[in-house]
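This report describes a single protein chain, from its overall layout to a few selected contacts. Please keep the sequence and the coordinates at hand while reading.

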Amino acid sequence: MAMDDFAVYRTHEWFESLKWQHRWIEFMVGWWCGTYGVPRVFVDFGAGDGWWSHSFKSIGSEHAYAVELDAVAEEHMTNDIYFIQHDLRTTWPSQQYGKADLVMCLEVAEHLPRRDALNYLLPALVQSAGNMIMFSAAQPEQPGTGHINLQPLHYWIEQFEKHPYVKLN
């Protein structure tokens with residue numbers, strides 16, 4: 001996939017379009033923390049405008065990181081989170097950032113070539129996770145901009161199970 005394929009995700013218009021989700025995200029973070037507890041360290045891979053990270057930070061996480069492809073993302077993030085610019089099609093410097101209590105990656109894998117998702121994204125997630133990973137990816141035939149790697153749920157479960165230090169419940 002050429003970098004131009006991600007051009008839509010580098011526009012201020014795209015980041016502005018994410019604002020409708022903020023109240024829903026805040027609700028879900030409240031539910032998560034009420035159910036599983038507040039993660040001390042939270043990392044969102046493919047963070048968009050970083051609202052998940054901001055919401056976890058606001059509810060009590062000590063450190064909240066937002067990992068996104070392009071620097072324009074940081075212009076749309078709040079100042080209470082740590083922005084990390086990183087291309088998820090490359091090796092993640094896991095030793096630099098350590099482990100997080102909760103690692104999240106929602107609706108990112110379908111935008112990456114299969115080999116990049118398997119060789120870079122999934123290892124980044126499992127290497128960064130101290131306790132939990134929250135993951136979702138678009139399913140086959142799910143419409144969306146830039147969907148090139150649509151896989152059924154069982155595919156992703158099988159891929160995560162190949163990492164011996166990850167247990168799925």
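Two strands are taken to pair if DSSP finds at least two bridges between them, and the helices (H or I, at least four residues) and strands (E, at least two) are themselves DSSP runs, numbered from the N terminus. With these terms, the bridge partner of Glu 68 in strand β3 is Gln 85. The model is a predicted one, in which local features need pLDDT of at least 70 and side-chain atom pairs count only at pLDDT 80 or more, while totals for chains, interfaces and linings use all residues. Residues are numbered from 1 along each chain as its sequence is written, and side-chain values use heavy atoms, with hydrogens and water left out.

**Overall layout**

The chain holds six helices and five strands, and along the sequence these follow the pattern α-α-β-α-β-β-α-β-α-β-α. Of its 169 residues, 46% count as buried, where buried means under 20% relative accessible area, exposed over 50%, and partly exposed in between (1.4 Å probe, protein chains only). Contacts are heavy atoms within 4.5 Å; among those in the chain with a separation of 6 or more, 62% come from residues 24 or more positions apart.

**Strands and the crossover**

Strand β2 (residues 63-68) is mostly covered, with five of its six residues buried. Strand β1 (residues 41-45) pairs with β2 in the parallel sense over five bridges, and Phe 45 has Val 67 of β2 as its bridge partner. Between β1 and β2 the chain passes through helix α3 (residues 51-59), and this β-α-β crossover is right-handed, a term that applies if, with the strands pointing away from the viewer, the path from the first strand over the helix to the second runs clockwise. β2 is also joined by four bridges to strand β3 (residues 82-85), and these two strands run parallel.

**Helix α3**

In α3, the residues Trp 51, Trp 52, Ser 53, His 54, Ser 55 and Phe 56 are buried, and what covers the buried residues of this helix includes α2, β1, β2 and β4 (100-106). Ser 53 has a relative accessible area of 0%. Not counting residues up to four places away in sequence, Ser 53 touches Phe 42, Asp 44, Ala 64, Tyr 65, Ala 66 and Ile 81. The C-alpha atoms of Ser 53 and Ala 66, which are 13 residues apart along the chain, are separated by 6.1 Å. Gly 60, with a positive phi near 135°, follows α3.

**Salt bridges**

A salt bridge is a side-chain nitrogen of Lys or Arg within 4 Å of a carboxyl oxygen of Asp or Glu, and the structure holds three of them.

| Arg 40 | Glu 62 | 3.7 Å |

Arg 40 is partly exposed at 42% relative accessible area, and Glu 62 is partly exposed at 43%. Arg 89 counts as buried at 11% relative accessibility. In the remaining pair, Arg 115 counts as exposed at 56%, whereas Asp 116 is buried at 10%.
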